[in-house]
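Open your viewer and keep the selection tool at hand. We will go from stop to stop, selecting as we go.

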Amino acid sequence: GEKAEGKMGKDGSPKPHSPFETRRNRLTWILGVSGLCILSYVMGAWRNTPTPNSQSDIYSKVDCNVGSSSPGIASSAVQSSTTNLDFESHHQIDIASSGGTQDIPPCDISLSEYTPCQDRDRGRRFDRNMLKYRERHCPSKEEQLFCLIPAPPKYKPPFKWPQSRDYAWYDNIPHKELSIEKAIQNWIQVEGDRFRFPGGGTMFPRGADAYIDDINELIPLTTGTIRTAIDTGCGVASWGAYLLKRDIIAMSFAPRDTHEAQVQFALERGVPAMIGVMASQRTPYPARAFDMAHCSRCLIPWQKYDGLYLIEVDRILRPGGYWILSGPPIRWKTYWRGWERTQEDLKQEQDSIEEVAKRICWTKVVEKDDLSIWQKPKNHVGCKQTKQVYKTPHICQSDNADTACYFVCLIELKRYQDLEKCITPLPEVSSADKIAGGALEKWPKRAFAVPPRISSGSIPNIDEEKFQKDNEMWRERIAHYKHLVPLHQGKYRNVMDMNAYLGGFAAALMKYPVWVMNVVPSNSDHDTLGAIYERGFIGTYQDWCEGFSTYPRTYDLIHAANVFGIYQDRCNITLILLEMDRILRPEGTAIFRETVELLVKIKTITDSMRWKSSIMDHESGPFNPEKILVAEKTYWTAEVKDKPV
């Protein structure tokens with residue numbers, strides 16, 4: 001009885017152990033379990049790890065050769081046995097189809113300004129009629145280059161904006177031809193180790209600034225009504241450069257070989273430009289895109305081919321948009337001797353242009369001194385009456401008046417659409433005073449107002465709610481990007497969005513000193529480029545299986561969101577990455593957004609292109625399957641070969 005009472009409390013409950021004894025038992029139990037766990041882990045690792053046969057085996061397993069280009073190492077995680085313990089990522093996929101991981105060699109220095117689809121040697125094989133030989137002629141599969149376009153030997157980062165508007169390094173674009181050929185016109189001057197751009201032009205000897213002021217006296221350039229412009233035959237894009245301070249963004253274009261590297265100079269200055277030509281095919285822009293079009297002695301034969309080129313300008317001009325012409329034949333009575341043409345010839349040319357303008361329903365606003373300005377009607381109510389007098393050109397028959405046929409033809413894989421001798425129809429209006437397609441807000445409200453193409457339901461499956469959500473998403477993404485890349489430090493000026501969708505990326509970058517080339521891929525689900533222009537941004541259509549219409553080293557930042565998901569089954573993604581390398585300047589940045597499997601594939605290829613990169617989580621966190629790859633193109637240049645003695 002006493003023994004039992006010793007183990008029980010007075011109330012009949014068990015008597016508790018001492019605190020010290022309880023703590024000791026718990027500690028013993030924890031140590032025992034931990035010991036068993038460690039022992040089982042060590043035994044398992046020992047049993048499943050084969051003994052390396054040699055020291056080289058050890059190195060191959062841990063990959064001491066960081067950045068190795070050996071295909072065996074890159075795919076070791078895929079080939080390793082499933083019974084082995086390894087801590088490599090298991091989301092790698094076969095990369096053999098995209099050129100493997102061997103280092104991609106540099107191209108010869110003679111290719112330092114290579115433009116794949118505007119190659120002069122290839123162009124000579126095509127018809128010179130209507131300048132067809134200067135249009136895009138991309139390389140065949142056999143002609144495609146698998147090498148890295150080198151920068152010139154003394155290349156250095158461009159001047160930062162706004163200084164770049166007036167200066168560029170000579171070593172980056174070593175061409176003196178323009179400074180000699182255009183010396184009187186004050187286009188460009190060589191000053192020691194740099195070029196200076198005085199802002200002169202063939203038809204603006206007082207400078208582009210004063211010339212734009214002259215235009216502003218005739219049409220309103222500073223009220224926010226005019227935002228997007230196109231400059232055909234742009235020279236070194238001084239007109240576009242000086243419009244920027246008036247909040248007008250111009251798409252400047254010129255052919256590859258009229259004057260050496262003029263588009264390259266424009267982009268080096270930080271001014272939007274593309275290689276392009278008015279020839280036999282449509283320009284790569286949507287209908288109703290530009291508020292203003294400009295030609296200053298651009299040498300385009302507006303009066304020829306039944307006004308075909310003016311009809312194309314009409315297609316891409318917004319309702320109520322302006323066309324500005326200076327240079328021959330305007331003011332021919334004053335200049336005819338200097339132009340070395342007869343008065344009769346020049347009068348006939350101007351009369352022909354005036355006639356075409358009437359036939360396409362334009363109104364002449366003013367002719368004063370060196371400038372003539374016409375205006376496109378804001379709808380086609382009156383034009384249909386005019387067509388009873390002027391039978392040609394007729395209004396095109398189209399099921400969808402808003403269609404930029406260029407895009408539709410791209411989807412049908414008819415890459416290049418011939419110009420048509422008919423007027424692109426404007427959307428119907430309820431009364432003669434309405435603007436076809438809808439009125440736009442003034443800039444800068446225009447950037448975030450719902451584009452009329454969206455509010456009218458012209459773009460299938462895209463509505464106001466999707467537009468607003470896209471804007472909000474890009475605001476958040478740019479806030480995240482600020483921590484990844486130096487957006488605010490002036491490192492970037494020329495930016496490209498390879499898959500622009502609704503232009504949300506460009507809109508979110510408005511407060512930074514950058515401009516964005518918004519690219520809508522040819523086989524996107526929707527033609528959204530017209531809506532991007534309605535927001536007051538610029539861009540182009542592009543098939544990324546082909547080269548872009550620009551010179552090497554012309555963009556500072558390239559953004560590629562879900563581009564490779566579109567193209568991975570259509571063409572070799574190594575070629576797309578090589579094209580990105582061509583147009584990205586040394587020390588430029590590329591940002592990719594894809595699934596992790598695709599990013600690993602992309603990273604493997606960019607590693608072989610001398611890029612430094614890292615994959616990081618989506619801004620919403622690690623559980624989002626989409627990841628971000630931030631890459632920088634490292635600085636390297638072509639080597640100067642010693643000339644044989």
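A salt bridge is a side-chain nitrogen of Lys or Arg within 4 Å of a carboxyl oxygen of Asp or Glu. This structure holds 38 of them. Before you select any, note that the model is predicted: local features need pLDDT of at least 70, side-chain atom pairs count only at pLDDT 80 or more, and totals for chains, interfaces and linings use all residues. Residues are numbered from 1 along each chain as its sequence is written, and side-chain values use heavy atoms, with hydrogens and water left out.

**The whole chain**

Colour by secondary structure. The chain has 22 helices and 17 strands. Here helices (H or I, at least four residues) and strands (E, at least two) are DSSP runs, numbered from the N terminus.

Now show the surface. The accessible surface comes to about 30900 Å². Carbon and sulfur atoms account for 53% of that surface. Such areas come from the Shrake-Rupley method with a 1.4 Å probe; for residues, only the protein chains shown count as cover.

How many of the 645 residues are buried, in percent? Buried residues make up 50%. Buried means under 20% relative accessible area, exposed means over 50%, and partly exposed lies in between (1.4 Å probe, protein chains only).

**Salt bridges**

Select Asp351 and Lys347. They form a salt bridge, with the closest N and O atoms 2.8 Å apart. Both sit in helix H13 (residues 343-359), four residues apart, which is about one turn of the helix. Asp351 is partly exposed at 39% relative accessibility, and Lys347 is partly exposed at 40%.

Move to Arg341 and Asp345. The closest N and O atoms of this salt bridge are 2.9 Å apart. Arg341 has a relative accessible area of 26%, so it counts as partly exposed.

Next, select Asp607 and Lys603. Their closest N and O atoms are 3.4 Å apart in a salt bridge. Both lie in helix H22 (residues 596-607), four residues apart. Then select Asp209, Asp213, Lys245 and Arg246: salt bridges that share partners join them into one network.

**Disulfides**

A disulfide is a pair of cysteine sulfur atoms within 2.5 Å. By this rule the count comes to six.

Select Cys117 and Cys138. Their sulfur atoms are 2.1 Å apart. The torsion about the S-S bond is about 110°, so this disulfide is right-handed. The pair links distant parts of the chain, 21 residues apart. Cys117 is in the loop between helix H5 (76-79) and helix H6 (120-123). Cys138 is in the loop between H6 and strand E1 (167-169). Is Cys117 buried or exposed? Cys117 is buried, with a relative accessible area of 1%. Cys138 is partly exposed at 22%.

Go on to Cys295 and Cys298. They also form a disulfide, with sulfur atoms 2.1 Å apart. The torsion about the S-S bond of Cys295 and Cys298 is about -95°, so this disulfide is left-handed. Cys295 and Cys298 are buried.

**The inside**

Select Met292, Trp302, Trp323, Phe564, Met580 and Phe592. Of the 128 residues in the largest nonpolar core, these touch the most other members. A nonpolar core is a set of buried Ala, Val, Leu, Ile, Met, Phe, Trp, Tyr and Cys residues joined through side-chain atoms within 4.5 Å. In soluble globular proteins, nonpolar side chains tend to be buried together.

Zoom in on Met580. Leaving aside neighbours within four places in sequence, its contacts (heavy atoms within 4.5 Å) include Met498, Ile558 and Trp611.

Now find Thr550, in the loop between strand E13 (538-542) and strand E14 (555-561). Thr550 counts as buried because its relative accessibility is 0%. Not counting residues up to four places away in sequence, Thr550 touches Thr115, Leu267, Ile275, Tyr555, Arg582 and Ile583.

Select helix H8 (residues 208-216). Its buried residues are Ala208, Ala210, Tyr211, Ile212 and Ile215. Their cover includes helix H9 (238-243) and strand E7 (290-296).

**Last stop: the surface**

Select Trp29, Ile30 and Val33. They form a nonpolar patch on the surface, with about 320 Å² of accessible area together. Patches are made of residues with over 30% relative accessible area and no salt bridge: like charges are joined within 9 Å, nonpolar side chains (Val, Leu, Ile, Met, Phe, Trp, Tyr) within 5 Å. Trp29 lies in helix H2 (residues 19-48). Trp29 is exposed, with a relative accessible area of 62%.
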